[in-house]
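Colleague: I would like to learn how to read a model such as this one, feature by feature. Could you take me through it, giving the general idea before the case at hand?

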Amino acid sequence: AMAGNPLAQSLAKHQGVDITWMHWFLAALVPGIISLILVPLIIYKMYPPEIKETPNAKSWAQNELTDMGIMAKSEKFMIAIFIIALGLWVLGSTLNINATLTAFIALSLLLITGVLTWNDILKETGAWNTLVWFSILVMMANQLNELGFIPWLSDSISGSLGGLSWPIVLIILILFYFYSHYLFASSTAHVSAMYSALLGVAIATGAPPLYSALMLGFFGNLMASTTHYSSGPAPILYSAGYVSQNRWWTMNAILAFFYFIVWLGVGSLWMKLIGLM
């Protein structure tokens, strides 16, 4: 769901933690549903919309759908291929099909069915840019781990925490991870810079590896809206001019407490219940 997530998965794997699609989905299910319901309500109460009723929305939407006409064959192929790709991601660990192979299968089907042409793929400069940089970041992270830098840094930081219990250490790490995002203008850059080291520290202090990897992964997403420059979409949304900087920062400062309660509190209890902790 976010560019930094597969990077976090790769970085965790280099430290011996295998995060599957189902691990992520199940662990995020309950706190995710709670957030989906309550976050809009909190924002609604903080900043009520000026327009609260749109009686013509249904008829307008219906007219727009009518103007679009029936679904084209390529659109039907796209839906089918999406379902196939999603199914392979979900069942990948069972079928022994990794995410990379799933991506190539989906891409091949898009080309075979004519949904995309090779020229369409060549024009996706953002995807090629991501592919190249991700490969470099993953390789660098792997080398830092193999050469002993990540274990050394993890041991140094964990040693300076004075023998605190792992739950306290993990909370400190997540707080540091979340609030340090005020210094970053990209979630992916933040994940690549800190995820490995913080996960290494958590594991070194005795925290459950999968639980730690997932929690850091979740907060790598939650911190994406902390400021109006904290992720790729944020400047675009901010530049629309509907939300002032003061309101943006205030809203997310309050939501941060909500995230900690729901994801660290309720999320931890849920993960313990389903055996991921």
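**Surface, helices and a pocket**

Modeller: The chain exposes about 16,400 Å², and carbon and sulfur atoms supply 70% of that area (Shrake-Rupley method with a 1.4 Å probe; for residues, only the protein chains shown count as cover). This is a predicted model, in which local features need pLDDT of at least 70 and side-chain atom pairs count only at pLDDT 80 or more, while totals for chains, interfaces and linings use all residues. Residues are numbered from 1 along each chain as its sequence is written, and side-chain values use heavy atoms, with hydrogens and water left out.

Colleague: How many helices and strands are there in the chain?

Modeller: Helices (H or I, at least four residues) and strands (E, at least two) are DSSP runs, numbered from the N terminus. By that reading the chain has 14 helices and 0 strands, and its C-alpha trace spans about 65 × 50 × 35 Å along the principal axes.

Colleague: Where does helix α2 bend, and which of its residues are buried?

Modeller: A bend at a residue is the angle between axes fitted to the seven residues ending there and the seven starting there. Helix α2 (residues 21-46) bends by about 50 degrees at Leu29, with a proline, Pro31, following within four residues. Buried means under 20% relative accessible area, exposed over 50%, and partly exposed in between (1.4 Å probe, protein chains only). The buried residues of α2 are Trp24, Ala27, Ala28, Pro31, Ser35 and Val39, and these pack against α1 (4-13), α12 (209-222) and α14 (245-273).

Colleague: Why does Thr102 count as buried, and what is it in contact with?

Modeller: Thr102, placed in helix α6 (residues 99-112), counts as buried because its relative accessibility is 1%. Contact means heavy atoms within 4.5 Å; leaving aside neighbours within four places in sequence, Thr102 is in contact with Ala85, Leu88, Trp89 and Ile97.

Colleague: What volume does the second largest pocket have, and which element gives the most to its lining?

Modeller: On a 1 Å grid over the protein atoms alone, a pocket is an open set of points where a 1.4 Å probe fits, with protein on both sides within 12 Å along at least five of seven lines, and lining residues have an atom within 4 Å of a point. The second largest pocket has a volume of about 420 Å³, that is, the space filled by probe spheres set on the points. Its lining includes Ile43, Met46, Arg247, Trp248 and Met251, and α14 gives the most, with 3 residues.
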